[in-house]
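Please look through the sequence and the model shown here before reading on. The report is meant to be read with both of them in view.

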Amino acid sequence: MPLVTTRQLLDEAAKGGYGVGAFNVNDMEQIQAIMEAAKETSSPVIIQASRGARKFAQDNYLYHLMLAAAELYPEIPLAMHLDHGNGFDTCVSAIKLGFTSVMMDGSLKEDGKTPTTFEENVEVTKKVCDYAHERGISVEGEIGVLGGIEDGHGAGGSGLDHVTDPDQAVEFAERTGVDSLAIAIGTSHGAYKFTKKPDGSVLKMDLLIAIHKRLPNTHLVMHGSSSVPKDLQDIINQYGGKLKETWGVPVEEIQLGIKNGVRKINVDTDNRLAITGAIRKVFAESPEKFDPRDYLTPARAAMQKVVAQRMTQFGQAGHAGDYKAVSIPEMAKGYANGSLSTQPLVATK
Ligand SMILES: [Zn+2]
């Protein structure tokens, strides 16, 4: 299938009542792991690259690897998404390269660290939406600021410092025309999200539900949503790693989110843990080995296992064949003639 947009994927997910995992990649093996998991579970999927990934891999490598994935798996709806674009120019460069979806994270200034004002966020996000929609490309915005830092991006601090205000979420969706909306409900990027199993005092699912009630048709996005499972932490530490004890977002909380408007769930850390654990195991058990395939093959298989598990848990499994790709020019027409609405349905309080 040609690359599709996240708007189409998420509209379909809303119809089917499921969520779609968005998995970060930096290299060929990670893309292969995701595509094999999608094939195994018959799942539509979003593959995303951050600015850090684009720098690590170079744009052209990433783009052509994604095209290879689309060619090799014609039965899988696949979107290529820019994670945490830090400004208009970054989003434009991704769109020109061939990304079918971008995130404009206007919650932070272009340095990727300093929180912006609400007005600054609206202004830059609307500018990206106007540019992208004219070209049929989808846009994710962010209101509220996540905790932690990943790939040099983030305000740092706790996920509770700048949680999303529901009234601002409504105004933001109305004024920008975003296709999906990332909200801050206490989660953080990276492995160290919570110091114990999170409860309602640190993971604000009630806030997510309140936002969904006000914006019942808006596709919500959960960032920092790796579950950081103990068994993956244990494998790393068993083979010489030194991870501190940590908790992620429990899968059952994500599933509660999916029942309440969450359509895109970002997962990166769990895959990093799976890869590193598998590589450490080979190094520890077979120190005589030196062919990279000897450790990259089990690393890729370990990531595939985690991704397939998440696809099943998020409910996207079994939905790859539900629909045909809508082309990018058709999407552009839809925005122009209003059949693809950019105005949210708003419920009164
Ligand atoms: Zn994020």
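What follows describes a predicted model, beginning with the strands and helices and ending with the charged pairs.

**The barrel and its helices**

Eight strands form a closed barrel in the order S1-S2-S3-S4-S5-S6-S7-S8, with parallel pairing, and from one strand to the next the twist averages 25°. One of the pairings can be followed in detail: strand S4 (residues 101-104) runs parallel to strand S5 (residues 138-143) and is joined to it by four bridges, with Ser101 standing opposite Ser138 in S5. Helices pack against these strands as well. Helix H4 (residues 59-72) touches strand S2 (45-50) and strand S3 (78-85), and its direction makes about 155° with that of S3, while helix H6 (residues 118-134) lies across S4 and S5 and runs at about 175° to S5.

**The nonpolar cores**

The largest nonpolar core has 75 residues, and those touching the most other members are Ile34, Met35, Val45, Leu78 and Leu181. Leaving aside neighbours within four places in sequence, Leu181 is in contact with residues that include Gly141, Ile143, Phe172 and Val221. A second, separate core holds 11 residues, among them Tyr18, Val20, Ala22 and Ala79.

His189 counts as buried at 10% relative accessibility, and His223 is buried with a relative accessible area of 1%.

**Salt bridges**

| Salt bridge | Closest N and O atoms |
|---|---|
| Glu12 and Lys15 | 3.2 Å |
| Lys264 and Glu140 | 2.8 Å |
| Arg310 and Asp270 | 2.9 Å |

Glu12 and Lys15 are three residues apart in helix H1 (residues 6-16), so they are separated by about one helical turn; Glu12 is buried, with a relative accessible area of 16%, whereas Lys15 counts as exposed at 66% relative accessibility. Lys264 in strand S8 (residues 262-267) and Glu140 in strand S5 link distant parts of the chain, 124 residues apart. Lys264 counts as buried at 0% relative accessibility, and Glu140 counts as buried at 1%. Arg310 lies in helix H12 (residues 292-314) and Asp270 in helix H11 (residues 269-285), so this pair ties together parts that are 40 residues apart in sequence.

Key
Residues numbered from 1 in each chain as written. Predicted model: local features only at pLDDT ≥ 70, side-chain atom pairs only at ≥ 80, totals over all residues. Heavy atoms only, no water. Buried < 20%, exposed > 50% of the residue type's maximum accessible area, 1.4 Å probe, protein only. Core = buried A, V, L, I, M, F, W, Y, C linked by side-chain atoms within 4.5 Å. Contact = heavy atoms within 4.5 Å. Pairing = 2+ DSSP bridges. Helix = DSSP H or I, 4+ residues; strand = E, 2+ residues; numbered from the N terminus. Axes fitted to C-alpha atoms, helices over the stretch in contact; angles between N-to-C directions. Salt bridge = Lys/Arg side-chain N within 4 Å of Asp/Glu carboxyl O.
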